[in-house]
Amino acid sequence: IMYLHLLAVAIAVLVFRFNLRESDEWSRAYSEEQALQRSGPRRRQPIRYRLRRSIHSPVAPVALALGLYYTLWNFGANTLGQFRPYLWIHLMDGTPRGASLLILVSLPLGLAGAAWFLTVVETDQRDRWILAGGLVSVAGWLLMTISPTRASFVCLVLCFVVGASMSGEVMYKVWVQEL
């Protein structure tokens, strides 16, 4: 049943994507590429030239910064995603019930934050909210670093869920698509 559901969703997405038009930027780049191909055969450049050109392209620093951002953000996301119950029970001397309650509280909060962020992701306000989300996430980690208590762990989880809904993987995916 699960795979049939995934297949149905994949087909629906494919149908919707066929009806999307390409961006003006992509259309211009495609037209230029087609014109170059029609102009005749070109000599293939040596690999070292192509590698040097790709490293020095304007996209390279942006791709590097994007990869660094995602790597650093993912340290926190993976730690809390994979080890939150372990940290709560074994390091904070909490209960399994408390660990489940943290997950139960954070899920709707994260979903609400992500749904709200969808309203500003395509506006001028997006960069401000990304910065705010990043600062909220970092504040949670700093609080936990300065004072590793149960209360600060709860604050960390809540801060990270709220911050991640504005500056986490959702933003990484938007940036990758724009890049």
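Ser-152 is buried, because its relative accessible area is 4%. Buried means under 20%, exposed over 50%, and partly exposed in between, with a 1.4 Å probe and protein chains only. This is a predicted model: local features need pLDDT of at least 70, side-chain atom pairs count only at pLDDT 80 or more, and totals for chains, interfaces and linings use all residues. Residues are numbered from 1 along each chain as its sequence is written, and side-chain values use heavy atoms, leaving out hydrogens and water.

Where does Ser-152 lie? In helix α7, residues 150-167. Helices here are DSSP runs of H or I, at least four residues, numbered from the N terminus. The Ser-152 side chain reaches the backbone nitrogen of Thr-149 at 2.9 Å. Set aside neighbours within four places in sequence, and Ser-152 is in contact (heavy atoms within 4.5 Å) with Leu-143, Met-144 and Ser-147.

Now α7 and its partner. The axes of α5 and α7 come within 7 Å and cross at roughly 25 degrees. Axes are lines fitted to C-alpha atoms, for helices over the stretch in contact, and angles run from 0 to 180 degrees between N-to-C directions. So α5 is roughly parallel to α7. That word covers angles under 35 degrees; over 145 is roughly antiparallel, 65 to 115 roughly perpendicular, and the rest oblique.

Which residues meet? Leu-102, Val-105 and Leu-109 are among those in α5, and Phe-153, Val-157 and Val-161 are among those in α7.

Conventions:
Helices (H or I, at least four residues) and strands (E, at least two) are DSSP runs, numbered from the N terminus. A polar contact is a pair of N or O atoms within 3.5 Å; within protein, one must be able to donate a hydrogen and the other to accept it, and residues adjacent in sequence count only if both atoms are side-chain atoms.
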